[in-house]
Amino acid sequence: MDITVTLNQITSLDIEDRIRLVQAIWDSIAAEEQAYPDLTEVEKQELDHRITAYETNPDDVMTWEDIKASIKRKS
């Protein structure tokens, strides 16, 4: 398969069709066994830390607009 040709064909699709294609690809990946690698101990600890932080203070979050503004300030 020539990936460049395939990508050119994909980009010629309208956005709605490309989204459906991405969803279909993602579903096919998720359906395969072991599609997701095992987490390392450090990754598990980080996830546990984030879950605990959220459960402790669920209102301490940033909106998407806050995140975008923060990124733009750093640029």
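Good morning. The protein chain exposes about 7200 Å², and carbon and sulfur atoms supply 57% of that area. Please keep in mind that this is a predicted model.

I begin with the overall fold. The protein chain has four helices and zero strands, and its elements run α-α-α-α from the N terminus on. Its radius of gyration is 19 Å, well over the 11 Å that the globule rule gives for 75 residues, so the chain is more spread out than a compact globule. Along the principal axes, the C-alpha atoms fill a box of roughly 50 × 35 × 20 Å. How many of the 75 residues count as buried? The figure is 1%.

Let us turn to the start of the chain. Met1, Ile3 and Leu7 form a nonpolar patch on the surface, and together they have about 380 Å² of accessible area. Ile3 belongs to helix α1, which covers residues 3-11. Is Ile3 buried or exposed? Its relative accessible area is 52%, and exposed means over 50%, so Ile3 counts as exposed.

I now come to the charges. Side chains of opposite charge can pair when their charged atoms come close. The structure holds three salt bridges.

Consider helix α2, residues 15-31, where both Glu16 and Arg20 lie. These two residues form a salt bridge, with the closest N and O atoms 2.9 Å apart. They are four residues apart, which is about one turn of the helix. Arg20 also meets Asp17 in a salt bridge, at 2.4 Å from N to O. Why are Arg20 and Asp17 separated by about one helical turn? Because they are three residues apart in helix α2. As for accessibility, Glu16 is exposed at 52%, whereas Arg20 is partly exposed at 44% and Asp17 is partly exposed at 28%.

The remaining pair is in helix α3, residues 41-56. There the side chains of Glu46 and Arg50 meet in a salt bridge of 2.7 Å, N to O. Glu46 and Arg50 are four residues apart, so about one helical turn separates them. Glu46 is partly exposed, at 36% relative accessibility, while Arg50 is exposed, at 55%.

Thank you for your attention.

Methods:
Residues are numbered from 1 along each chain as its sequence is written. This is a predicted model: local features need pLDDT of at least 70, side-chain atom pairs count only at pLDDT 80 or more; totals for chains, interfaces and linings use all residues. Side-chain values use heavy atoms; hydrogens and water are left out. Patches are made of residues with over 30% relative accessible area and no salt bridge: like charges are joined within 9 Å, nonpolar side chains (Val, Leu, Ile, Met, Phe, Trp, Tyr) within 5 Å. Accessible areas come from the Shrake-Rupley method with a 1.4 Å probe; for residues, only the protein chains shown count as cover. A salt bridge is a side-chain nitrogen of Lys or Arg within 4 Å of a carboxyl oxygen of Asp or Glu. Helices (H or I, at least four residues) and strands (E, at least two) are DSSP runs, numbered from the N terminus. Buried means under 20% relative accessible area, exposed over 50%, partly exposed in between (1.4 Å probe, protein chains only). The radius of gyration is taken over C-alpha atoms; the globule rule is 2.2 Å times the number of residues to the power 0.38.
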